[in-house]
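Hello,

Here is the structure I promised to pass on. Please have it open while you read; my notes follow below it.

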Amino acid sequence: MEWLEEPRRGASDAEIEAYMRQECSTDTCVANKEGFFLKWQTQVGEHITSNFMNKFAKWTSDEDRIVDIWCIKPMHTLKIQPFFTAKNADKSVELRTKGNTLFQEKNEKRALIWYSQAISLAPHDVGDVLSVAYGNRSAVLFHMGEYRLCLEDIDLALESNYPRKLHFKVFDRRAQCYQKLRQFTAAQGAFQDALKALELSDIDAKKMKMWTNDINKRLEQCKGKEDNDSPVKEDSLSYRLFDGASATHPCASAALELRSSKEMGRYWVAGRDIPAGQVIFGETPLSAVLKEDKIGSHCSTCFKQVIAVVPCPTCCNVIFCSRACRNDALATFHPWECKHVAYLKAGGISHNAQIAMRMITERGPKFFKDREKCADYLKKLNLLVSLEEHRSPTDFFQRTLMACLLLKVLQRSHFFYKWTGDLEAEIQGEEDLTEVELRVGAILLKQLQVIQFNAHTIGALASIEGRELSLSNTRPVKIASGLYPTMSLLNHSCYGGCVRYYEGSKMVMITVRPVLKGEMICENYGPKFTKDEFTARQRKLYSRYWFRCGCEACTGRWPTYEHFEELSSQLKILCPKCLTIFPNVNLDVPMVKCTKCCGSSNLSLIMKNIKENESSFRQGMLLMEDWKNREKAISAFTEFVNLAARMVAPPYREMHLAQDHLRTLIFTRGKMHTLPNPKSK
Ligand SMILES: C[S@@+](CC[C@H](N)C(=O)[O-])C[C@H]1O[C@@H](n2cnc3c(N)ncnc32)[C@H](O)[C@@H]1O
């Protein structure tokens with residue numbers, strides 16, 4: 001196995017780049033080098049001869065690669081273990097009791113945390129540990145004014161065997177939630193239920209009288225009142241695609257066209273002039289997975305920050321924000337991941353490998369048994385670059401081994417067949433791949449290649465708890481990563497033309513400068529010309545995405561912000577008629593003639609317009625200081641950019657600053673998250 005060694009001092013650029021490329025590629029496969037995967041890779045690698053590698057290097061199909069690696073006997077010595085935090089009734093009761101104390105002390109926020117942990121740890125199939133924890137948490141949520149979440153907890157408590165003698169309490173709470181939500185008909189029904197349930201309680205006569213009076217009083221308050229029947233629709237679309245939807249790619253604007261070239265692969269261009277501030281994509285991911293550090297705080301299905309945890313009935317590894325999201329996960333990906341995700345993480349597998357796994361588990365076993373569906377699915381995957389032809393045999397070896405590990409875990413999760421009760425026989429049998437297993441293995445391998453170059457981070461802006469809401473008090477946070485096949489066809493430019501924000505996992509892409517008809521629309525993959533030097537950008541892009549960037553910022557060697565001052569006196573002024581740069585402008589001569597269209601223009605008038613337009617920029621700067629004025633600031637910067645692009649060619653400092661601000665401001669359109677305040681306990 002020939003892995004490149006870390007280059008020594010004095011190594012050539014080519015040697016450094018080749019090594020960096022190998023390391024970046026490994027990072028997309030293996031996240032934690034201390035995990036067991038790399039050790040297993042070394043052990044298996046010891047059994048690989050140069051003959052084997054020569055043959056392996058020649059394969060052009062992923063199925064052949066899987067078969068080859070699967071046939072290496074020593075790789076089957078790896079024992080796949082279920083590894084997950086199981087339920088614990090005693091611990092759950094202990095945590096609930098702590099929650100009770102905090103609630104009595106009116107520390108609702110902390111009580112909510114303890115109750116949620118009690119719920120996560122409570123067994124789902126025995127006694128009333130779970131239901132009582134839900135019932136208690138519903139009381140906290142009621143006091144916090146979270147009426148919808150309170151209603152959900154009451155349903156969950158009742159679903160999970162809440163003690164009959166206490167039903168009157170949760171029915172009364174349910175009725176009060178409806179009352180607060182101004183749903184008086186439902187409230188009256190629930191108060192009646194509470195009165196009936198009182199008969200099953202074991203409270204003494206005095207308390208019974210008190211409860212009956214209180215419930216009747218509240219019931220009276222609801223009579224004759226009109227229901228508020230316009231519940232807020234949370235998930236309605238808040239954007240409109242510029243020019244409507246494309247006929248071939250419904251999540252893209254009709255103003256976009258797909259082109260391709262040998263050097264650039266496929267890329268999107270503007271089919272007509274597109275101004276700044278327009279929505280050009282709105283796409284839901286093919287699959288997406290939460291980042292590891294968000295698993296305890298965000299919903300594994302919809303990625304929302306969770307207020308009241310709804311757990312998996314079996315493991316304590318993941319959380320959901322609602323029954324709907326939990327049920328969705330249980331009906332799709334989670335049963336196959338539940339007992340092994342923590343094991344895979346211990347192995348050190350990358351986030352990309354987790355996405356590859358999710359792409360299989362989400363679709364479920366039935367899907368992969370259907371040959372035609374799989375062929376269609378592969379066709380879709382094959383539309384995305386995998387740069388197969390540029391991969392080294394060692395890269396393929398590592399990626400194939402990772403696909404085999406994921407396949408082994410799927411086998412152990414009984415993805416392919418039902419549990420037979422004989423573990424030894426099962427493990428033995430699994431060494432011979434069935435047709436479906438081989439198909440899934442090959443798809444896993446393809447996915448691992450594709451995700452490397454096409455995955456997007458799903459991010460949001462987070463405010464800091466207890467601090468005033470302002471841009472300076474927010475931080476961008478990475479929530480998840482996913483695969484967006486249509487948007488993935490956007491190529492990179494160090495001077496990107498569009499930015500994104502997220503509505504849940506839906507990615508919305510907006511132009512931040514005008515793009516003329518026929519021009520390529522690019523996003524920025526990370527290295528920006530304003531912040532990163534040319535050589536660093538080139539190296540990063542080559543190592544991570546395997547291409548040499550030839551964007552205008554690279555070919556023109558545009559300066560970073562740090563060196564902009566030297567440029568300010570050399571604005572590249574454009575002919576207002578044909579947008580060609582006037583060469584050798586002399587500001588002392590009032591009229592200037594365009595070398596392309598031969599039109600004459602008044603230079604001092606153009607300069608005056610440029611200065612006037614900069615007042616929109618300054619207005620944007622003032623507006624963005626106030627959180628409430630974000631949309632107004634977006635409008636001011638957008639107006640500035642649209643006009644500036646017709647007067648001055650980049651690089652133009654204010655233009656790029658405005659685009660940076662637009663990026664931040666547009667990000668605030670997504671759902672805000674909160675980060676704990678480091679100063680509070
Ligand atoms: C997310 S894909 C973009 C779409 C891709 N061109 C295709 O045909 O599917 C990323 C890959 O596209 C290529 N790419 C992106 N930007 C490029 C650029 N500016 N010049 C050349 N190739 C680029 C690189 O191979 C990169 O790994």
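**The four-stranded sheet**

Four strands make up an open sheet with mixed pairing, ordered S4-S8-S7-S17. Its edges are strand S4 (287–290) and strand S17 (673–675). Each has a single partner strand, so one side of each is left without a neighbour in the sheet. On average, neighbouring strands here are turned by 45° against each other, direction ignored. Keep in mind that this is a predicted model.

Strand S7 (residues 455–464) and S17 run parallel, joined by three bridges.

**The three-stranded sheet**

There is also an open sheet of three strands, in the order S3-S11-S10. The pairing is antiparallel. Strand S3 (279–283) and strand S10 (498–503) are at the edges. Each of these has a single partner strand, so one side of each is left without a neighbour in the sheet.

S10 and strand S11 (residues 506–511) are antiparallel, with six bridges between them. Valine 499 sits opposite isoleucine 510 in S11. Across S10 and S11 lies helix H25 (residues 653–667). That helix runs at about 10° to S10.

**Around the ligand**

Which residues come nearest to the ligand? They are Gly265, Arg266, Asn491, Tyr545 and Phe547, out of 18 residues around the ligand. By type, the shell divides into eleven nonpolar, five polar and two charged residues.

Three elements each supply at least two residues of this shell: strand S2 (265–270), helix H20 (435–454) and strand S9 (491–492). S2 gives the largest share, with three residues.

**Domains and annotation**

The domain assignment gives three entries for the protein chain. Domain 1 covers 13–77 + 327–454, domain 2 covers 89–222, and domain 3 covers 569–667. The centres of domain 2 and domain 3, taken over C-alpha atoms, are 60 Å apart.

Over to you.

Best wishes

Conventions
Residues numbered from 1 in each chain as written. Predicted model: local features only at pLDDT ≥ 70, side-chain atom pairs only at ≥ 80, totals over all residues. Domains from an automatic or database assignment. Near = placed C-beta within 6 Å. Nonpolar A, V, L, I, M, F, W, Y, C, P; charged D, E, K, R; others polar. Pairing = 2+ DSSP bridges. Contact = placed C-beta atoms within 7 Å. Axes fitted to C-alpha atoms, helices over the stretch in contact; angles between N-to-C directions.
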